[in-house]
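Me: I have some terms to check against their definitions. Can you take them one by one?

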Amino acid sequence: MNAAGALAARLQRRAVAARPALGRRLVIALPYLWLAVFFLAPFLIVLKIAFSNVQLSMPPVEPVFSWAADQVVQIRLHLSNFSFVFGDQLYVAAFLNSLQVAGVSTLLALLIGYPMAYGIARAPGTWRNILFLLVVLPFFTSFLLRVYAWMGLLGRSGLVNGLLLKLGLVHEPLQLLQTDFAVYLGMVYSYLPFMVLPLYSAIEKLDLTLLEAAADLGCRPTKAFFTITLPLTREGIFAGCLLVFIPAVGEYVIPALLGGPDTLMIGRVVWDEFFANRDWPVASALAIVLLAVLSGFVLLLQRVQAQEREA
Amino acid sequence: MTAAPAPRATPAAPPGQPYVRIEGLTKRFGDFVAVRQVSLEIARGEIFCLLGGSGCGKTTLLRMLAGFEAPTGGAVFIDGVDVTAVPPYERPVNMMFQAYALFPHMTVEQNVAFGLRQDGTARAEIATRVHEMLALVQLEGYDKRKPHQLSGGQRQRVALARALVKRPKLLLLDEPLGALDKKLRERTQFELVNLQDRLGVTFIIVTHDQEEAMTLATRIGVMRAGEILQVGTPTDIYEFPNSRFVADFIGSVNLTDGKLVEDEPDHVRIDCPQLGTTVFVDHGVSAPPDAQVSVAVRPEKIQLTRERPPQVDNVLSGTVTGIAYLGDVTRYLVRLPTGFELRITAPNVFRREERPAHDEAVWLHWHPSATVVVTR
């Protein structure tokens with residue numbers, strides 16, 4: 001009787017325990033479902049198109065799967081798009097140029113962002129919140145709008161040229177817009193917050209007594225920065241660089257609006273293939289290759305970080 | 001003392017001169033005075049403990065010695081040199097931090113070598129000295145581990161090795177044993193004293209733990225509200241406290257107020273209404289007649305008996321209201337007819353003993369020399 005009662009109580013407890021477990025699973029399932037519907041499915045469609053061929057139809061591609069005679073499903077995969085992408089100098093150059101622009105922008109963002117993040121993390125309490133808000137503030141307006149604003153600033157009759165002329169530093173307006181300079185400026189400006197935020201959280205976490213310990217052992221502040229602060233905020237540096245580099249490689253808007261006709265970036269090339277050329281298969285192949293390259297970077301970085309954590 | 005030649009930190013300081021001299025050191029944070037006009041002289045090879053509750057300014061004082069806080073006023077001399085304005089990275093002083101502050105991204109070896117590397121010491125010498133130091137703190141074979149792979153006690157020893165490897169003139173220790181459990185703390189206390197003895201380095205230790213201070217220190221400075229109330233050997237501080245606060249802070253004590261009623265050079269009598277009697281003290285007290293004083297008697301100095309003791313003075317009767325058997329000693333709480341409760345500690349000398357029970361009527365007595373009279 002007693003034993004039976006205890007068993008019943010235990011079963012009931014387990015039932016109670018099982019209910020939140022179901023809820024927990026649902027909570028985890030939701031974002032996965034979201035990703036499956038809005039990321040995985042579109043990705044598979046793009047992947048399918050990448051193996052297709054151009055055809056005058058709507059959509060302008062040959063179907064990959066088709067019904068042949070005798071109820072046989074015919075799958076026709078064209079690898080020509082990929083061989084074309086890798087064979088053509090233009091695409092390779094666009095890839096390399098994108099990587100370079102993104103790399104330099106990331107480096108510049110790091111060089112500007114680190115002192116910013118450091119300053120915010122070390123600022124007194126009330127100031128810290130204000131400075132932090134200022135970093136996030138640009139997100140309150142549309143990204144596109146902010147890039148347009150730079151067009152207004154950098155144009156031949158823009159604010160910057162106007163100021164330079166008035167100060168007598170130049171005698172005729174400089175060509176600022178549609179240059180690589182404008183692209184770098186736009187990139188660094190747009191992606192700087194993504195660099196500052198992870199750096200801030202890494203620097204803020206740093207135990208200041210470690211720096212005191214370093215000083216106590218005879219280490220000057222500058223050297224302590226390189227031997228203590230920098231290595232201990234490496235995770236933040238990795239995260240920030242990744243958050244800037246990855247979107248920067250595929251960036252379309254900034255080079256399209258601020259760059260010149262010779263600013264060759266993969267985002268623009270993909271756009272042109274899709275909309276100007278209406279060559280969906282080649283555009284898709286480019287997108288797939290871009291994704292593969294970026295995934296490679298992410299995996300490499302993760303491995304480096306994992307190794308470091310083990311050591 | 002030991003056979004091994006102890007590495008000396010510095011050439012000997014001129015005899016008779018204090019090794020560390022602190023003159024009127026003051027630190028203000030806004031309106032708050034953390035350290036107020038502290039002057040201290042510490043001899044070479046001493047273990048000096050700054051003892052006090054949290055917020056008493058002991059850590060701020062230590063941080064000024066390390067150079068992390070700039071004093072608002074006063075000066076610090078180490079081995080005759082004014083170091084008040086010297087930045088921490090140039091002071092001949094090392095510190096062992098409360099939570100150790102080991103560099104998490106470096107191995108034990110790199111942590112210990114860090115200080116030597118800053119001085120540009122030759123590689124081979126660094127290696128020898130680091131391994132000497134690790135041997136000294138019994139951490140051989142742990143040199144390739146990272147701090148997170150060590151136990152609390154091992155981390156403490158790494159921190160100690162890192163602070164000692166540069167052979168500082170002065171080692172500052174901020175709650176050096178605070179993060180260890182009780183058993184380990186007791187063992188480490190003796191290791192620390194041993195090590196200090198072998199190396200001859202002057203230690204200044206900050207602690208809130210009076211037992212730690214009593215075990216480690218050659219002298220203790222008791223701090224309260226930014227001031228040093230008393231400096232003395234552990235015996236001085238315990239047996240001859242100079243104030244109510246010190247008497248109460250160190251160890252357990254029965255404190256009561258009284259008034260001088262008989263003031264002779266060789267003895268005094270103090271009327272203590274709370275005890276319901278006058279207390280006889282067998283030494284003179286430097287206080288004006290009729291002065292309000294405090295009388296302090298340590299619990300272990302009071303004898304508790306069932307029969308009335310033969311003495312005339314300092315004899316009281318009461319009933320037992322509390323008993324705590326702690327093994328080595330038993331603590332009693334005895335209520336006097338006035339309602340005042342006294343704490344008594346009696347050693348358990350015999351294994352079988354008829355000890356006074358709850359609500360039993362008992363007699364108390366203490367020797368006239370056991371009474372401490374403080375005027376503030």
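Me: What makes the crossing of α7(A) and α10(A) right-handed?
Reply: A crossing counts as right-handed if the near helix is turned clockwise from the far one by less than a right angle, and as left-handed if anticlockwise. The crossing of α7(A) and α10(A) is right-handed. This is a predicted model, in which local features need pLDDT of at least 70, side-chain atom pairs count only at pLDDT 80 or more, and totals for chains, interfaces and linings use all residues. Residues are numbered from 1 along each chain as its sequence is written, while chains are lettered from A and ligands numbered from 1 in the order in which they are written.

Me: Why are α7(A) and α10(A) called roughly antiparallel?
Reply: The axes of α7 (residues 180–205) and α10 (residues 234–249) of chain A cross at roughly 160° and come within 8 Å. Angles over 145 degrees count as roughly antiparallel, so α7(A) and α10(A) are roughly antiparallel to each other.

Me: Which residues of α7(A) meet α10(A)?
Reply: Among them are M187(A), Y191(A) and F194(A), and the partners in α10(A) include L243(A) and V244(A). Contact requires C-beta atoms, placed from the backbone, within 7 Å. The contact residues divide into 14 nonpolar, three polar and one charged.

How values were computed. Axes fitted to C-alpha atoms, helices over the stretch in contact; angles between N-to-C directions. Helix = DSSP H or I, 4+ residues; strand = E, 2+ residues; numbered from the N terminus. Parallel < 35°, antiparallel > 145°, perpendicular 65-115°, else oblique. Contact = placed C-beta atoms within 7 Å. Nonpolar A, V, L, I, M, F, W, Y, C, P; charged D, E, K, R; others polar.
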